[in-house]
Amino acid sequence: MSNYIGNGAYCYANSASMLLSSIGEKIDPGLLETIGGFSLGAFRTQEDMLFFDNCTSSPDLAISKAMSILGFSVRESVQARGTEMPVDELREALKQGPVMMGPLDMGKLVYNPNSPNLGGCDHYVVALNMMGDEICLHDPAGFPNVFLTLDKLEEAWKSEFPWSSGVYRRWWSPERIEHPDLEEINRRAFTWFKSTLTEQTHDIAAREGRTGASAILHKAEQVRAGAIDGNEWAHYVYFALPVGARRAHDYGLFFNTIHPDLSALKYAQSRQFGECQSRLVSRNWEAAATIMVALAETEAMIEASMFEDGVMKVKRRYKKGRYTWMD
């Protein structure tokens, strides 16, 4: 299996990796994305939009959980909705080092020439320093060292997203407090995966058939009938399926030496995501629906494998030492 190296919608994982790099820690975004656990599962929203992640989790939770699993502490703060942007607190935090921020509304990040078309999309960035009434950012969407006025930052950062509690959330001052070996990292990650998937299977969305394989099969029938509008089509071909393919590929890499069966299933799922995206781009509804049905079957097998015998299996096939998975 050839590893994928390239761009992808990994904004929170890329930002977290940049934050950790500020203290000399080289942690691959793919590892952070994987062990955070947010990108496991699938669900349909009340508006009938399909996402390939966990409806009971969030990127916010995934960031903090991944850092904890890897042995880092990090300061995190969030404000209540309707409050003013914490400019003074941000300025003080930046004196200690970079600050990860998000979610922000991409439509307000005007240094991005495509921002007029990105309104309502959530995003994460890393703030580097404040200069007068501007802030300098590393934006993982391809914009290093860009500048944004504080007024525009406030517009972007105060935006509310239903899965994120509060506004103006930020992380700063990461610190390594322990050095877990690979065995411990994998034990923690598997425990977290089982916990978060269990929560999803007991969520109200599961009882309504809006999670896991059921959610994907429901959408497959709509796709077969060509019953999705332009906005939903764009959601799948530009975001959900490409990022799903990369996430599944990274899970395949993560599981490779500790759970070969899950690794094979995740690699297969990655190929299915990619093929489904290809068929949808050409609006070949029948072919896209057929591969989406296969995607649902693979999702069911992944969940069954994770809960096999009531516990998640961790096979002791890893090498000892620090976890330094990098592209």
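Which helix gives the largest share of the lining of the largest cavity? I started there, and H9 came up, with four residues.

**Ground rules**

I am working on a predicted model, where local features need pLDDT of at least 70 and side-chain atom pairs count only at pLDDT 80 or more, while totals for chains, interfaces and linings use all residues. I number residues from 1 along each chain as its sequence is written, and side-chain values use heavy atoms, with hydrogens and water left out. I take helices (H or I, at least four residues) and strands (E, at least two) as DSSP runs, numbered from the N terminus.

**Cavities**

On a 1 Å grid over the protein atoms alone, a cavity is a set of points where a 1.4 Å probe fits but cannot get out. A pocket is an open set with protein on both sides within 12 Å along at least five of seven lines. Lining residues have an atom within 4 Å of a point. Grid points are joined across faces, edges and corners, and a volume is the space filled by probe spheres set on the points.

I find four cavities of 30 Å³ or more.

**Largest pocket**

I turned to the open space next. The largest pocket has a volume of about 1700 Å³. It is lined by 46 residues, and Phe51, Cys121, Asp122, His235 and Phe239 are the closest to its centre. H9 gives the largest share of this lining too, seven residues. H1, strand S5 (122-131) and H9 each supply at least two. The classes are 23 nonpolar, 16 polar and seven charged.

I checked Phe239 on its own. It sits in helix H9. My cut-offs are under 20% relative accessible area for buried, over 50% for exposed, and partly exposed in between (1.4 Å probe, protein chains only). Phe239 and Phe51 lie 188 residues apart in sequence, yet their C-alpha atoms are 9.6 Å apart. Beyond four places in sequence, Phe239 is in contact (heavy atoms within 4.5 Å) with Ala9, Ala234 and Gly244.

**Cysteines**

I looked for disulfides, meaning pairs of cysteine sulfur atoms within 2.5 Å. There are zero. For Cys121, the nearest cysteine sulfur is that of Cys11, 10.0 Å away. Cys121 is partly exposed, at 34% relative accessible area. Cys136 is buried, at 5%.

**Cores**

I define a nonpolar core as a set of buried Ala, Val, Leu, Ile, Met, Phe, Trp, Tyr and Cys residues joined through side-chain atoms within 4.5 Å. Which members of the largest core touch the most others? Among its 38 residues, Phe254 and Phe255 do. Elements giving two or more residues to this core include helix H1 (11-21), helix H6 (182-201), helix H9 (230-255) and helix H11 (285-306). A second, separate core has 27 residues, including Trp233, Leu241, Cys276 and Ala289. Beyond four places in sequence, Phe255 is in contact with Phe190, Phe193, Pro260, Leu262, Ser263, Lys266 and Met306.

**Backbone**

Most residues other than glycine have a negative phi, and most peptide bonds are trans. I listed the exceptions found. The peptide bond from Gly102 to Pro103 is cis, with omega near 5°. Pro103 belongs to strand S4 (residues 99-105). Asp48 is not a glycine but has a positive phi of about 75°. It lies in the loop between strand S1 (43-44) and strand S2 (50-51). Ser173, also not a glycine, has a positive phi of about 55°. Ser173 lies in strand S8 (residues 167-176), and at 25% relative accessibility it is partly exposed.

Definitions and conventions. Ala, Val, Leu, Ile, Met, Phe, Trp, Tyr, Cys and Pro count as nonpolar, Asp, Glu, Lys and Arg as charged, and the others, Gly among them, as polar.
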